[in-house]
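Colleague: I have a few questions about this protein. Could you take me through them with the structure open?

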Amino acid sequence: MWTHIPILANEIADFLLLNPQGVYVDGTLGLGGHTKLFLSKLGPQARVFGFDKDPHALKMAKERVNDPRLIATHASYLQAPDVLAANGVNGVDGALFDLGLSSYQVDDPDRGFSIVRDGPLDMRFDTTQTLTAAQIVNTWGLDELERIFRDFGEEHRAAQVAHAIVTARRTAPLQTTFDLKRVAETVLGPQRGRVHPATQIFQALRIACNQELACVEQVPGVITQILKPGARAAVLTFHSLEDRLIKNRFKALAADGKWRLVNKHTVVPSRAEICQNPRARSAKLRVIERV
Ligand SMILES: C[S@@+](CC[C@H](N)C(=O)[O-])C[C@H]1O[C@@H](n2cnc3c(N)ncnc32)[C@H](O)[C@@H]1O
């Protein structure tokens with residue numbers, strides 16, 4: 001039974017659900033944790049349009065939410081404006097983008113995201129996509145690998161790790177998460193503290209495989225297309241690359257007076273929430289409102 005505990009769920013519901021009979025977007029449905037809570041607080045006429053790239057997550061979300069007010073689509077949140085238009089919706093009352101990956105995806109070794117569980121080097125959110133993490137490490141050039149480890153992992157030894165991978169794959173392709181971990185450890189050393197030294201390498205590969213930052217960059221554009229006046233969008237980020245992008249784009253939007261930053265500082269989970277769900281520790285919430 002896979003789980004994902006929705007982060008800052010009540011806080012997000014309080015920020016977003018200003019119209020009990022409104023139409024909402026959950027851009028990253030995952031296992032439907034946030035949406036289930038939203039629907040429990042919304043009225044019978046309300047609707048939530050849920051999106052996820054991951055068809056397996058989407059199927060589980062539909063079963064778990066089990067509510068006709070959820071319209072779930074296997075698509076990127078970038079397609080939300082088109083899907084809403086196709087359903088005759090001109091504007092929504094709120095939208096959530098809970099970025100990154102769910103606990104379910106990390107915990108299932110077959111998805112190949114985990115540094116602690118051996119599995120195929122996959123890392124695709126959308127399992128219908130052809131590009132996998134294995135293809136990236138086994139076919140991309142030295143410079144490209146160095147670039148993603150530096151830009152998406154902020155890894156100081158990006159060049160050395162890229163070099164170690166290119167050398168190792170001459171003997172045999174890297175096929176599993178532990179193959180990659182072993183090669184990265186030849187440069188970064190074994191795990192000593194709580195966090196494995198190759199965590200940033202795994203993050204970088206995941207971001208590259210799913211074009212994550214290219215999507216995150218477009219979140220504010222999607223928000224401007226779908227929100228009604230007075231409506232709010234909430235974005236939960238989990239690392240500094242995502243947060244910086246959202247922070248700067250939100251500031252730029254708010255500069256012309258048509259948008260308002262609802263929270264001056266990011267909202268972060270309480271100590272109690274982090275104790276109960278350690279994966280919440282790096283979460284930061286930003287909320288913006290169309291004036
Ligand atoms: C942190 S989880 C969401 C968890 C969800 N809020 C819940 O309570 O269960 C992020 C989800 O976003 C999905 N995802 C990532 N990028 C996406 C994109 N561009 N479009 C749609 N879904 C995306 C992932 O597949 C993952 O299921």
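Colleague: Which residues does Ala234 touch, not counting residues up to four places away in sequence?

Modeller: Keep in mind that this is a predicted model. Ala234 touches Ile12, Phe15, Leu16, Leu96, Leu285 and Val287.

Colleague: What makes these contacts?

Modeller: Two residues are in contact if their C-beta atoms lie within 7 Å. Ala234 meets that cut-off with Leu96, for example.

Colleague: Which residues have the most contacts inside the largest nonpolar core?

Modeller: They are Ala95 and Ala234. That core has 48 residues. Its largest share, six residues, comes from strand E5, residues 227-237. There is also a second, separate core of 31 residues. Among its members are Phe113, Ala158, Ala162 and Leu180.

Colleague: Why do such cores turn up?

Modeller: In soluble globular proteins, nonpolar side chains tend to be buried together.

Colleague: Why is Met123 called buried?

Modeller: Count the C-beta neighbours inside 10 Å: Met123 has 25. The cut-off for buried is 20 or more. Therefore Met123 counts as buried. Met123 sits in the loop between helix H5 (103-107) and helix H6 (133-139). Its phi is near 70 degrees, a positive value in a residue other than glycine.

Colleague: Why is Glu154 called partly exposed?

Modeller: Glu154 has 14 C-beta neighbours inside 10 Å. Buried needs 20 or more, and exposed needs 12 or fewer. The count of 14 lies in between, so Glu154 is partly exposed.

Colleague: Where is Glu154, and what is its phi?

Modeller: Glu154 is in the loop between helix H7 (142-151) and helix H8 (158-171). Phi of Glu154 is near 45 degrees, a positive value in a residue other than glycine.

Methods
Residues numbered from 1 in each chain as written. Predicted model: local features only at pLDDT ≥ 70, side-chain atom pairs only at ≥ 80, totals over all residues. Helix = DSSP H or I, 4+ residues; strand = E, 2+ residues; numbered from the N terminus. Core = buried A, V, L, I, M, F, W, Y, C linked by C-beta atoms within 7 Å.
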